[in-house]
Amino acid sequence: MSKRPIEPFLWLLFSAGGVLAALFIPVLVFLFGVAVPLEWISPPRHEHLLALLRNPLTLAVVLVVCVLALFHWVHRFRYTLYDGLQIKHLNGLINLFCYGGAIVGSAAAAYVLWQIP
Amino acid sequence: MSTPTGYTEYHPRWHRTRLGTLWWLRRRSYLVFILRELSSVFVAWYVVYLLMLIHAVGQGNEEYQRFLHRAANPWMVLVNVVALIFVMFHAITWFNLAPKAMVVRLRGKRVPPAWIAATNYLAWTVVSAFVAWRVLGG
């Protein structure tokens with residue numbers, strides 16, 4: 001039976017997501033998760049963020065970062081469950097749950113970005 | 001299926017030492033490995049948080065202010081401080097691994113691994129500065 005292995009492709013998604021997550025996410029967590037809530041910096045004005053999100057380039061970058069970061073998460077998380085908790089017998093269920101989650105998350109990201117007025 | 005031998009009727013039992021669920025607590029390097037893998041959970045968390053923020057911005061100023069109010073909840077801040085530690089850990093371990101994963105040759109000579117790591121850190125700095133500049137009203 002010749003079946004094209006999907007693992008290299010999944011690994012590529014993991015790797016690309018790892019790079020983008022490393023480049024983009026720390027600064028965003030710092031800004032919107034810590035610095036703005038703790039009032040170290042004043043929050044960006046609403047009109048400014050909306051204008052930024054109306055830029056197609058911003059939308060494209062946000063979408064790609066979100067989708068690949070989710071596929072990065074899946075790859076690591078399922079192996080954490082697999083190796084970390086030694087639950088190899090539940091592999092099918094774990095993959096279904098993890099990849100299902102990433103696909104739903106990606107669709108949600110596309111929907112949220114599509115809804116920007 | 002052919003049976004090449006006739007001298008063993010039963011397959012011998014595999015010898016595999018069973019690892020307990022908490023094997024990763026036994027050594028520091030195992031713990032670091034598991035923590036690095038778990039950093040991905042915080043990456044996923046932040047994608048969700050970012051999408052909630054973007055959704056709120058799309059809904060209008062009132063919803064955006066409501067999001068900011070919820071984000072200032074001490075528990076939310078705590079989660080995001082932990083997330084920041086983990087995503088920094090992810091970024092640092094990722095960039096430190098990069099020279100091992102990619103071998104770049106320039107005019108037949110291998111580019112020193114330290115240069116590749118330095119390039120990655122430079123890219124990280126540039127992207128972070130650019131994102132902060134755009135977000136904060138450049």
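**View 1. Helix α4 of chain A, end to end.** In this predicted model, helix α4 of chain A covers residues 91-114.

**View 2. The largest nonpolar core.** Here you can find a core of 53 residues. Those with the most contacts inside it are Ile25(A), Leu28(A), Ala69(A) and Leu70(A) from chain A, along with Val43(B), Tyr46(B) and Val87(B) from chain B. Two or more residues each come from α1 (7-35), α3 (56-84) and α4 of chain A, and from α1, α2 and α3 of chain B. Follow Leu28(A) across to the partner chain: leaving aside residues up to four places away in sequence, Leu28(A) touches Tyr46(B), Leu50(B) and Val131(B).

**View 3. Where chain B meets chain A.** The contact draws 47 residues from chain B and 47 residues from chain A. On the chain B side, α1 (28-59), α2 (61-71), α3 (74-101) and α4 (113-135) each supply at least two residues, and α1(B) gives the most, with 17 residues. This side of chain B divides into 36 nonpolar, 9 polar and 2 charged residues.

**View 4. Chain B on its own.** Starting at the N terminus, the elements of chain B run α-α-α-β-β-α. Its radius of gyration is 24 Å, well over the 14 Å that the globule rule gives for 138 residues, so chain B is more spread out than a compact globule. Of those 138 residues, 21% count as buried.

Note on methods: Residues are numbered from 1 along each chain as its sequence is written. Chains are lettered from A and ligands numbered from 1 in the order in which they are written. This is a predicted model: local features need pLDDT of at least 70, side-chain atom pairs count only at pLDDT 80 or more; totals for chains, interfaces and linings use all residues. Two residues are in contact if their C-beta atoms, placed from the backbone, lie within 7 Å. Helices (H or I, at least four residues) and strands (E, at least two) are DSSP runs, numbered from the N terminus. Ala, Val, Leu, Ile, Met, Phe, Trp, Tyr, Cys and Pro count as nonpolar, Asp, Glu, Lys and Arg as charged, and the others, Gly among them, as polar. The expected span of a helix is 1.5 Å times one less than its number of residues. A nonpolar core is a set of buried Ala, Val, Leu, Ile, Met, Phe, Trp, Tyr and Cys residues joined through C-beta atoms within 7 Å. A residue is buried if 20 or more other C-beta atoms lie within 10 Å of its own, exposed if 12 or fewer, and partly exposed in between; C-beta atoms are placed from the backbone. The radius of gyration is taken over C-alpha atoms; the globule rule is 2.2 Å times the number of residues to the power 0.38.
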